[in-house]
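Here is a short note for a colleague who has not seen this structure before. Please read it with the model open.

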Amino acid sequence: RVTTLDGHDGHTGGHDAAATSVDALVAPSGPPDVAVTFTARAERVEIVPGTTVDAYTVNGTTPGPTLHATQGDLVEVTFVNESVPGGATLHWHGVDVPNAADGVAGVTQDAVPVGGSFTYRFVASDAGTYWYHSHQVSHEQVRKGLLGALVVSPSPGAPVAGGRDVARLLGDAVDVPALVHRYGPRRTVQGAPGDLPVDVPAGRAARVRVINTDNGVLPVWVGGAAFRLVAVDGTDVHDPPEVRDRAVVVPAGGRADLLVVAPADGSTARVELGGASAVVVGQDGAASAPTRRPKATLDPLTYGTPAPLGLDPARADRSFDYVVGRAPGFLDGKPGMHWTVNGHTYPDVPMFEVAQGDVVRMRIDNRSGVPHPMHLHGHHVVVLARDGVAASGSPWWTDSLEVGDGEAYDVAFVADNPGVWMDHCHNLPHATQGLVAHLMYT
Ligand code: C2O
Ligand code: CU
């Protein structure tokens, strides 16, 4: 067994401790609808002609292949570690998989050593935009590119949130995964620096699935057209209105799906990815110049139309505080400033204990001096309020929530996926420095 910074072997109780309902923990049986083999390697990769980096690849590329599934599919991924030193895993970021398939080294499985393999099985029960990445020494393996996009398409005939107009545009939209990752100083989209042109006839829409795999926020905006934010972290926005001149801030680990119609006059719309590159929507080859970030930001707290949450936060079975702080201490024998959760640094953070079926409230309160993109595994949480201001838009379900310094978010979720689940900062060096907690079913 490899001891990892992610798992801190031995401190979580391992997967046996939470085996309250074994059937829910383990992977589903039966023949898979989607079956792939992903082979990870350490190799040098040319990012631009003449610039190569030390990287980790999946089936020979970084990012690895985009994994496509349809809602309801049983997905089976055989992961083979050919040459990633220290072992590797795959975690399905944003997919509420059974605990045994969560891919957290030291918690739900051992890291797959060089020459080993591990089979992940899960049902892709929610359509949306996700990604996969190693969860062994993640701050290093993710940075080096052991990752890829996962797109789950809605089952045919599934209802589309957002009214007839949006449904028509979405039904006919060109689907564009846009995984953003930095290799050294170079920001790339789908593994290449610069713009990603997509040939979309005038009047037709593109659904651009932005995936932020870096450690900091990614501001996204659209130059040359209006747009709709149709999904956040894999969950559809209810009745997304058309907006212009707004930036969408995608937290580390987060996803934002933008629906953009190619301009009728044959010009292009630029889905700007932080400013260094863009997805260029329009007739292929049409010229376009970078645009400036708008001053206003789209706030998911107020965007879209309210709809039932599917849980009653007033009848919570448990309420937790998750206070993020900073304190001097020792980690792996080294002194320094570390992040704290309720005054403790991982692995000494007490677990949040829940029982199956609980409605859980949590207040994430950041008093640490810097922002943290908080990521809960195995569940989505709905935002109830920020700094005491109640959410008033579409239900904002998220798995990767940017919590600014001094901000406090009230969130709620249903404990409906037994196991031991990480709840950590996705600025991955922060996780290494102790900003990790676990949710455990008792
Ligand atoms: Cu994207 Cu715990 O990870
Ligand atoms: Cu952080």
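The points below take up salt bridges, one aspartate and a metal site.

1. Keep in mind that this is a predicted model. A search of the whole structure finds 19 salt bridges.

2. Start with helix α3 (residues 163–171). Arg168 and Asp165 sit 3 residues apart in this helix, so about one helical turn separates them. They form a salt bridge, with the closest N and O atoms 3.1 Å apart. Arg168 is exposed at 53% relative accessible area. Asp165 is partly exposed at 38%. Both belong to a salt-bridge network that also links Arg228 and Glu242.

3. Next, look at Arg204 and Asp172. Their salt bridge has its closest N and O atoms 3.6 Å apart. It links distant parts of the chain: Arg204 lies in the loop between β12 and β13, Asp172 in the loop between α3 and β9, 32 residues apart.

4. Where is Asp195? It is found in the loop between β11 (192–193) and β12 (196–199). Its salt bridge with Arg270 has the closest N and O atoms 2.9 Å apart. Arg270 is buried, because its relative accessibility of 4% is under 20%. Asp195 is partly exposed at 38%. The Asp195 side chain also reaches the backbone nitrogen of Ala278 at 3.1 Å.

5. Finally, check the copper ion (ligand 2). Its protein donors are His372 (ND1), Cys425 (SG) and His430 (ND1), lying 2.0 Å from the ion. Their spacing in sequence is H-x52-C-x4-H. Cys425 and His430 are buried.

Definitions and conventions
Residues are numbered from 1 along each chain as its sequence is written. Chains are lettered from A and ligands numbered from 1 in the order in which they are written. This is a predicted model: local features need pLDDT of at least 70, side-chain atom pairs count only at pLDDT 80 or more; totals for chains, interfaces and linings use all residues. Side-chain values use heavy atoms; hydrogens and water are left out. Helices (H or I, at least four residues) and strands (E, at least two) are DSSP runs, numbered from the N terminus. A polar contact is a pair of N or O atoms within 3.5 Å; within protein, one must be able to donate a hydrogen and the other to accept it, and residues adjacent in sequence count only if both atoms are side-chain atoms. Donors are N, O and S atoms within 2.8 Å of the metal (3.2 Å for Na, K and Ca); water is not among the atoms, so sites may look incomplete. Buried means under 20% relative accessible area, exposed over 50%, partly exposed in between (1.4 Å probe, protein chains only). A salt bridge is a side-chain nitrogen of Lys or Arg within 4 Å of a carboxyl oxygen of Asp or Glu.
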